[in-house]
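These are my notebook entries on one protein chain.

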Amino acid sequence: MKIHLTRTPEYPIEHFQEVVELLQAFGGELEFVDLNFEYSKDNFRPLKWNLYPHHPFEYPSNTDLVKFNPDYEYPLSWRELFFMCSGYREVCNVPNDDFVVLLTHRKNALNWFSAFDNRNIFVHTAEWELFTKCHHKFPVAYEIIANILQSLMKLDIHNANEFLHEFPLGCINDFCENKKQVILKLRTGDICGDCLEKMQKENVNTAIISQSLTIFEGIRKQMLFKQGFQQNIKISRLLVTPEYRIFLPDFGNIEIKLSVLQKIVYFLYLKYPNGISFPEFVDYKDELWEMYRTISPQENLDK
């Protein structure tokens with residue numbers, strides 16, 4: 001099942017890519033796709049607002065409800081947000097069974113972290129620093145996976161019910177009317193027994209549930225690691241993928257970012273655990289060159 005990730009223009013592309021790379025680090029039934037799609041005014045003329053300029057409207061509080069006011073062009077109604085998802089589907093020919101996830105800094109009229117409508121999802125990407133000290137990519141990725149599961153389990157998010165927890169349990173379906181309560185489910189990375197049973201009744205693919213739990217646990221571990229909560233953790237195993245990406249699986253699949261040149265030197269030393277003395281390094285020139293040809297995205301190898 002493909003999950004198409006897209007963004008509104010004000011959400012920085014580098015932040016968007018960090019979320020995409022985090023989710024793509026976990027393989028499984030859910031495949032996360034970025035088509036580098038750019039929203040165009042020509043594609044979305046029915047919208048009454050302009051995506052690009054700065055909007056002077058200031059939200060008075062992060063906890064008080066502010067209804068949508070078209071004169072302000074901000075925050076956006078859910079109708080508009082899901083309209084953008086539908087527009088992406090039409091322009092990119094996305095199958096009905098695939099998900100489309102819109103990441104946006106723009107507030108929504110009900111001031112929710114995220115919501116779904118069938119297989120369209122939006123996630124608010126701004127102001128996470130008000131609730132957690134970790135990098136925003138972790139809660140944003142969490143919200144994406146949570147909404148996918150909520151959609152698949154046919155969760156009713158509009159009316160009170162036994163699966164929409166008013167009192168927080170540390171489950172993905174905690175309502176979090178007080179937005180500060182979100183930190184509990186981020187730290188637990190769990191799904192309660194009743195909600196798991198509901199997923200089973202709705203025939204949610206067990207592979208998707210398993211992958212989602214793996215992602216939740218990975219997010220939880222990375223959050224703890226980044227915040228220094230695991231000072232005494234044992235050293236992690238190292239995983240190098242066929243695409244030559246480097247991960248630490250015991251730290252929630254943290255990816256080690258290196259340049260191509262740094263990678264080939266590192267991989268060379270991995271191959272020779274007894275070490276290579278500096279004077280001998282020139283003897284491995286051909287081997288380094290072959291690794292570079294394999295790993296480098298550079299089309300002009302002479303350059």
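**Overall make-up**

I counted eight helices and eight strands in the protein; helices are DSSP runs of H or I with at least four residues, strands are runs of E with at least two, and both are numbered from the N terminus. The model is predicted, so I note that local features need pLDDT of at least 70 and side-chain atom pairs count only at pLDDT 80 or more, while totals for chains, interfaces and linings use all residues. Residues are numbered from 1 along each chain as its sequence is written, and side-chain values use heavy atoms, with hydrogens and water left out.

I looked up burial next: of the 303 residues, 48% count as buried (under 20% relative accessible area, with exposed over 50% and partly exposed in between, for a 1.4 Å probe and protein chains only). I then took the contacts (heavy atoms within 4.5 Å) with a separation of 6 or more, and found that 60% of them join residues 24 or more positions apart.

**Helices α1 and α3**

Two packed helices are described by the angle and the distance between their axes. I found that the axes of α1 (residues 13-24) and α3 (residues 137-152) come within 9 Å and cross at roughly 60°. Axes here are lines fitted to C-alpha atoms over the stretch in contact, and angles run from 0 to 180 degrees between N-to-C directions. The pair is therefore oblique, the class left after roughly parallel (under 35 degrees), roughly antiparallel (over 145) and roughly perpendicular (65 to 115).

I recorded E18, V19, L22 and L23 on the α1 side of the contact, and K137, F138, V140, A141, I144 and I145 on the α3 side.

**Nonpolar cores**

Which residues touch the most other members of the largest nonpolar core? I found I144 and I148, in a core of 69 residues; such a core is a set of buried Ala, Val, Leu, Ile, Met, Phe, Trp, Tyr and Cys residues joined through side-chain atoms within 4.5 Å. Helix α3 gives the most to this core, ten residues. Beyond its neighbours within four places in sequence, I144 contacts L5, V19, L23, V101, L103, I121 and V123. Another core, of ten residues, lies apart and includes I264, Y284, L288 and I295.

**P139**

I placed P139 in helix α3. P139 is buried, with a relative accessible area of 0%. Setting aside residues up to four places away in sequence, P139 touches W128, T132, C134 and L186. I also noted that P139 and M223, 84 residues apart in sequence, are 9.4 Å apart in space, C-alpha to C-alpha.
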